[in-house]
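Me: Hi! Could you walk me through this one? I'd like to chat about the details.

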Amino acid sequence: QVQLVESGGGLVQAGGSLRLSCAASGRIASINVMGWYRQAPGKQRELVASFGGSTDYADSVKGRFTISRDNARKTAYLQMNSLKPEDTAVYYCNAHLLAWDGRSWDSNDYWGQGTQVTVSS
């Protein structure tokens with residue numbers, strides 16, 4: 001079974017930094033895209049950053065957040081600098097990957113369990 005495990009969330013003051021990690025495990029042949037989404041209370045889940053052939057960022061985080069990948073470790077990172085209270089949300093890792101499902105190789109989207117990021121003013 002494929003699992004995405006996030007870590008690195010927490011409480012930080014405005015202007016501070018956090019680094020999130022997302023490690024994929026399971027019988028994985030390849031990872032096409034890894035990305036980070038977030039969902040604040042009462043709001044829809046939104047894309048924060050993704051890393052496929054290139055990187056893509058939400059306008060609200062450009063210049064402050066950086067996504068990176070370590071393909072050998074099947075891990076994605078999100079470095080978050082100059083954090084603002086409006087960045088407070090549960091952050092979810094997402095990966096589109098090719099994995100063995102017990103009967104065949106199949107491409108699917110997978111989600112982590114989420115990690116809370118709280119930025120105090």
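Predicted model: local features only at pLDDT ≥ 70, side-chain atom pairs only at ≥ 80, totals over all residues.

Reply: Happy to, and we can go through the disulfide, the strand pairing and some backbone angles. Residues are numbered from 1 along each chain as its sequence is written, and side-chain values use heavy atoms, with hydrogens and water left out.

Me: Thanks! How many disulfides does the count come to?

Reply: The count comes to one disulfide, where a disulfide is a pair of cysteine sulfur atoms within 2.5 Å. Cys-22 is joined to Cys-93, with an S to S distance of 2.0 Å.

Me: And which parts of the chain does the pair link?

Reply: Distant ones: Cys-22 sits in strand 3 (residues 18-25) and Cys-93 in strand 9 (residues 89-100), 71 residues apart. Strands here are DSSP runs of E with at least two residues, numbered from the N terminus.

Me: Is the link of Cys-22 and Cys-93 left-handed or right-handed?

Reply: Left-handed, with -75° about the S-S bond.

Me: Are Cys-22 and Cys-93 buried or exposed?

Reply: Both Cys-22 and Cys-93 are buried. Buried means under 20% relative accessible area, exposed means over 50%, and partly exposed is in between, using a 1.4 Å probe and protein chains only.

Me: OK, switching to pairing. How many bridges join strand 4 to strand 9?

Reply: There are 10 bridges between strand 4 (residues 28-39) and strand 9, and the two run antiparallel. Two strands pair if DSSP finds at least two bridges between them. Gln-39 stands opposite Val-90 of strand 9.

Me: What about strand 4 and strand 5?

Reply: Strand 4 also pairs with strand 5 (residues 46-51), in the antiparallel sense over five bridges. Tyr-37 has Leu-47 in strand 5 as its bridge partner.

Me: Which residue has a positive phi of about 55° although it is not a glycine?

Reply: That is Lys-74, placed in the loop between strand 7 (65-70) and strand 8 (75-80). Lys-74 counts as partly exposed, at 26% relative accessibility. Ser-82 is also not a glycine and has a positive phi, of about 50°.

Me: Where is Ser-82?

Reply: In the loop between strand 8 and strand 9. With a relative accessible area of 40%, Ser-82 is partly exposed.

How values were computed:
Helix = DSSP H or I, 4+ residues; strand = E, 2+ residues; numbered from the N terminus.
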